[in-house]
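Visitor: I would like to learn how to read aromatic contacts in a model. Please take me through them one step at a time.

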Amino acid sequence: MSTLRYNERSWAIDLISLINQKAPNFRGRIHKAGGEQTICGTGEFMFPDVLLFGENSAIAMGWELKMPDTQITESELIENAEKKAEILKTSGFLLWNVNIAVMYLKNPTGFSPVKTWNLDGEPATRQTVESRRKDWERLLDVIIGDINQHLESGKILQRTLDTSFNDGVVTELVSHNTYPVAEKLEEVSRKNGRFRAKANLNWAEVKSEYPRQSQWEVLAKTILVSWSNKILFSHVLKKSFPGIQAKLSKITRDSSPSETSTRFKEISAEFNFWNIFQPQLGEEYLTVEAWQILLQIHLLLFDVDFLKMNEGLLQTLLENTVYHSKRRTSGQFATPRPLARLLASLAILNREAVVHDPCCGTGTIARAAFDLKVESGIAPRNAIKEIFASDKVAFPLQMATIALTDLGNIGEILQIYKEGCENLQLGKTIEFRDPNSGNPVPIIYQGADCFISNLPFIQQEDIDLLNPTLRAKAQMVVSTNLSNGLSLDQRSDLYAYIPFLLWIVLNDGGRMGFIASNSWLATEWGKSFRAVLDAFFQIETVLCSGAGRWFKTADVVATLLILTKRNNPGTRFIGEKTQFASINKDLHSLSDNELQEIADRLLAGKTSPTISARCYASQEIMDFEFSWNALFTDVSWLSNVERRLVPITDFFRITRGERRGWDPMFFPPDGNRIEDCYLKPVLKNLRNTQSFLAEPNSKAFCCGKTKAQLRALKHTGALQWIERFEHSTNNTNKPLPKALARAGCQWYEMKP
């Protein structure tokens, strides 16, 4: 009866064991085999029955095994193997039903069979597979030898763990499970009021970053990426902390999300990295399918020999994990690495300074500071001691921790913690953990020599909801330290308050560099912000882009500011200068060396074809009556004509135009049946406008009448047009009548 129980899984485990015994004798590219962990279970599997690993656990190929009663040409078998090869990014796969083995390799049009092997003698049956062991073991030797030759010749390409994991496995996990998990989260929120409340508050914090995604979709991606990061990082830590292996082995194919979360808490208690292993909101509410895939990923990583893996590859794995995690979950204002690098280079004059990013997000800027310190000759273990990173939102801290983890600083405390800017205090005790002992280590916060950050892009309407104490605390700093009546305008965006909160904990003579939108340069509230900023800081450099937006996924135009603290607010030194500069190349196309050259030139006050700069006396710009946007160009001629200038509003009526948020409705295509009286001429864009005189180039739907009035007038064209959109939703599934609602007008009305 034993032979009847010998199935695909039994055979796979025997094959894996044999390959691992024989691999050293082949002296080829195949170093080991794996797959025992992931094949023992039920359900659909992401991974092949057998995996062949090369040097540094690079994945060479996957094998799909069947008993002899399955045809080797079966379509479902081939399609399943192709899918798994695509997930792992391998260049081929092997199908083997004991009697016949076929190797497929990838070509420009797909996968094609390139070699076939046959079992000697009579064909085996399901009942005789175990008794024919010697025959298929001989065939195994031939197959392994031939695959080694294909690896040596380059016909089969090995994929690094980084490529297979980040480009393949996690991409598959997120792309195929985001919407099912989002539906599950939304379902839970209807039944669980406490979870719903936390989720709503969390969404209020971040929704401006995700204008085209729904609340539950974003949370689902966050949860999936968080789990995969925890799993990968825990296995990577085996290189430095071998004791983690025993704890990870307690996470089995039967573990639940809550049990696994407890295991990670135990790992964090002993080895630190709480920001990575802490529970995330809603992480227990996964679908069964998503959780099973995550467990398969965990079990697969047991086959990876992290202890023997090259340190350079491990570091690349960590860095690319952060990169891919950001691509999947970061919002539209995630800091591009070149911008972070430039900001750090301009702000950190003293490479030994204590640097703090108080809105660190996923850690790009903090990592840039760490890299600059190491490049200047500071040992990684010492460089990490000079960096703080904090954020009021928990999830990004996981990626920030991975971003700042370097094989040269493992074992040191990473000073990354959850805190809002408004709560930073000198002398406050922050508790971290010693990663070597797990013991708590209290650190007294003594401020920073340099603050660098990408400040939040949050409009003033949302400040009281998201940061109810921030505005009052900033205003208190201003009123306490200035006696000239200056204050911040209540209409200021969030970022306008943060520099003054940081001023308190910035060491004397310290520097600050931050990224913000350009709204402060020209708005009414920007006038008071500029005046107060000048009172607390020397405005050293204002930098913008002269070659496209720095944030490719957002409409915002950003500026970079470099400031030096005035120890006594309101006191300006003689000869102070402010530099207004623009970069005339796409920042994303510049190398680190080119970015450093730009920083060096800006710091030295030198221009180049890449940099346009104007330098002004600080008092001069404060007396400048016009938009500060003008200061990026030569305005020296202005003083000659200033006395003759008059307000443009004496001659023109100025308007910013009208925007209602749903163009398909408000800008109907030609051929519509709407009555002419509701179609108003509009200058929709300036693409073909070549002078100061312009003609309307489109028509807009402008109707302020009620539906009842339209029926009475028998204006069926406008009525039907409105009703076409009445039951539609926007990109976040919000009904258009609610999304477009505005006080004093119909939901479908746009003022002409």
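Guide: What follows covers ring pairs, a cluster and charges over rings in this predicted model.

Visitor: How many aromatic pairs does a search of the whole structure find?

Guide: The search gives 29 aromatic pairs.

Visitor: Why does the pair of Phe93 and Phe111 count as tilted?

Guide: Planes under 30 degrees apart count as stacked and those over 60 as edge-to-face, with the rest called tilted. The planes of Phe93 and Phe111 are at 55 degrees, so this pair is tilted; the ring centres are 5.3 Å apart.

Visitor: Which parts does that pair tie together?

Guide: Phe93 belongs to strand 4 (residues 92–96) and Phe111 to strand 6 (residues 110–118), so the pair links parts 18 residues apart in sequence. Phe93 and Phe111 are both buried.

Visitor: Where do Trp227 and Phe264 lie?

Guide: Trp227 is in helix 7 (residues 215–236), and Phe264 is in helix 9 (residues 257–271), so their pair ties together parts 37 residues apart in sequence. Trp227 and Phe264 make a tilted pair, with 6.2 Å from centre to centre and 45 degrees between the planes. Buried means under 20% relative accessible area. Trp227 is buried at 1% relative accessibility, and Phe264 is buried with a relative accessible area of 1%.

Visitor: Which residues form one aromatic cluster?

Guide: Among them are Tyr495, Phe500, Trp503, Trp520, Tyr616 and Phe632.

Visitor: What sits over the ring of Trp503?

Guide: The charged end of Lys565 does, 4.7 Å from the ring centre. The ring of Phe667 has the charged end of Lys684 over it, 4.7 Å from its centre.

Conventions. Residues numbered from 1 in each chain as written. Predicted model: local features only at pLDDT ≥ 70, side-chain atom pairs only at ≥ 80, totals over all residues. Heavy atoms only, no water. Phe/Tyr/Trp six-rings, centres within 6.5 Å; stacked < 30°, edge-to-face > 60°. Helix = DSSP H or I, 4+ residues; strand = E, 2+ residues; numbered from the N terminus. Buried < 20%, exposed > 50% of the residue type's maximum accessible area, 1.4 Å probe, protein only. Lys NZ or Arg CZ within 6 Å of the ring centre and 35° of its normal.
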